[in-house]
Amino acid sequence: MRKRNNSLLLAVLALCVSLGCVFLPLPVLASGAFAGSGSVEFPWIISAASGSNEVKAWLKEDGANGYILCIEGSGRMTESFRDVEVPWKEVKQKIHAVEIGEGVTNVGAYAFNFCRSLTQVLLPESLEEIGTYAFHSTGIKHLIIPAGVSTIGRMIANPSTYYEVLGNPSSVDNHAFSTSLVSALDSATAEALNAKTHVLALIVLDGGIYAETDEELNNLSYGLIAPKKEGFTFGGWYQSADFSGEPGKEDERGRTAVNINHIYYAKWQETVITPTPIPTPEATPTQGVTSAPTPKVTSPAPIVPNPVPTSAVPSPEITPAPKPSKVPETTPDPGVPFIKDESEKNGWDIIKKE
């Protein structure tokens, strides 16, 4: 029977060739008809059409976390998975991460619809289109949309998702972001997006980072938290690009209330770090301060050698100092008259004078 069917198929093909029929590239069949088994050695072929370009997918086990779905290749993947089942249907609830490599240009519609464990998605710079409901009803809290994406379908994720749009897509569905928080690179991009789709709020961060952890992204509808920027201090959220007027007021939770479909601008003030002076040691006043007593240091007693008996040491002889000799008195010459109190004078001279 199988041989007969094959023969009939060959006959039909031959007839078409003979009649000059033109065959268009056929889409890859779905729902169990995807080639491959989902392993690295035998990946699923999920190309949009047969040809030289090929997009393939496989699962990578990630321990207790479940699976990482890897998609690589060149060109477009299957346009839509609405009418055909994805080849990873049996494990879709265990997929927690999706990594799409460079060269792939689209994410098919409904590709990861209801993958509720999915929290991490890496999109390539080559991406040009995100299909309708591609990431609907997932656990994604932060999705970065590359600058090359020009088309975004309806509601790509949950209202609790924060979208970081790096470009200015030309075609955006009215409900693409499902009233979620969206950041744009500048004022012009924010105004363009605001005119195309509904959002919770559009924010312009001017190089800042809105949230660094999933915990900070909880309860987006409660208002805006303070972003961060290295070397700068956050100065508040303003509704004017020139920061005129007053900034939004923060509530007791540190959040700034927002109005739907409005643009908010983060103001930054450069942080000036003043070096801390090194204190110079000063003399400590002694008045009124009782100083601790200085401990008395007792020198050890000198070591005296054993005394030698006095009788054994001869006493040195002491020579008395010579007595000063007495100056002999001058005896007057008996032939010369002596006159008292006229010493050293000739008596005869004095008598003569008298």
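Strand E7 (residues 129-130) and strand E9 (residues 151-152) run parallel and are joined by two bridges; helices (H or I, at least four residues) and strands (E, at least two) are DSSP runs, numbered from the N terminus. This is a predicted model, in which local features need pLDDT of at least 70 and side-chain atom pairs count only at pLDDT 80 or more, while totals for chains, interfaces and linings use all residues. Residues are numbered from 1 along each chain as its sequence is written, and side-chain values use heavy atoms, with hydrogens and water left out. The secondary structure of the protein chain comes to three helices and 15 strands.

**Parallel sheet**

- Isoleucine 130 has isoleucine 152 in E9 as its bridge partner.
- E7 and E9 belong to an open sheet of four strands with parallel pairing, in the order E5-E7-E9-E11; two strands pair if DSSP finds at least two bridges between them.
- At the edges of this sheet are E5 and strand E11 (171-172), each of which pairs on one side only.

**Mixed sheet**

- Six strands form an open sheet with mixed pairing, in the order E8-E10-E12-E13-E15-E14.
- Strand E8 (142-145) and strand E14 (232-238) each have a single partner strand, so one side of each is left without a neighbour in the sheet.
- On average, neighbouring strands of this sheet are turned by 25 degrees against each other, direction ignored; axes are lines fitted to C-alpha atoms, for helices over the stretch in contact, and angles run from 0 to 180 degrees between N-to-C directions.
- Strand E13 (residues 201-204) runs parallel to E15, with three bridges between them, and valine 204 stands opposite tyrosine 265 in E15.
- E14 pairs with strand E15 (residues 263-270) in the antiparallel sense over five bridges.
- In E15, alanine 266 stands opposite tryptophan 237, and glutamate 270 is the bridge partner of phenylalanine 232.
- Phenylalanine 232 also has lysine 229 over its face, at 4.5 Å from the ring centre; a charge sits over a ring if NZ of Lys or CZ of Arg is within 6 Å of the ring centre and within 35 degrees of the ring normal.

**Aromatic pairs**

- The count comes to twelve aromatic pairs, where rings of Phe, Tyr and Trp (its six-membered ring) pair if their centres lie within 6.5 Å, and planes under 30 degrees apart count as stacked, over 60 as edge-to-face and the rest as tilted.
- Tryptophan 88 and phenylalanine 112 form a stacked pair, with 5.8 Å centre to centre and 15 degrees between the planes.
- This pair links distant parts of the chain, 24 residues apart: tryptophan 88 is in the loop between strand E3 (67-73) and strand E4 (95-100), and phenylalanine 112 is in the loop between strand E5 (106-107) and strand E6 (120-122).
- One aromatic cluster is formed by Phe34, Trp44, Phe81, Trp88, Phe112 and Phe135.

**Burial and nonpolar cores**

- Tryptophan 88 is buried at 0% relative accessibility, and phenylalanine 112 is buried with a relative accessible area of 0%; buried means under 20% relative accessible area, exposed over 50% and partly exposed in between (1.4 Å probe, protein chains only).
- Leu69, Ile71, Trp88, Phe112, Phe135 and Phe177 touch the most other members of the largest nonpolar core, which has 48 residues; such a core is a set of buried Ala, Val, Leu, Ile, Met, Phe, Trp, Tyr and Cys residues joined through side-chain atoms within 4.5 Å.
- A second, separate core of 17 residues includes Tyr210, Leu220, Phe234 and Ala266.
- Of the 354 residues in the protein chain, 32% are buried.
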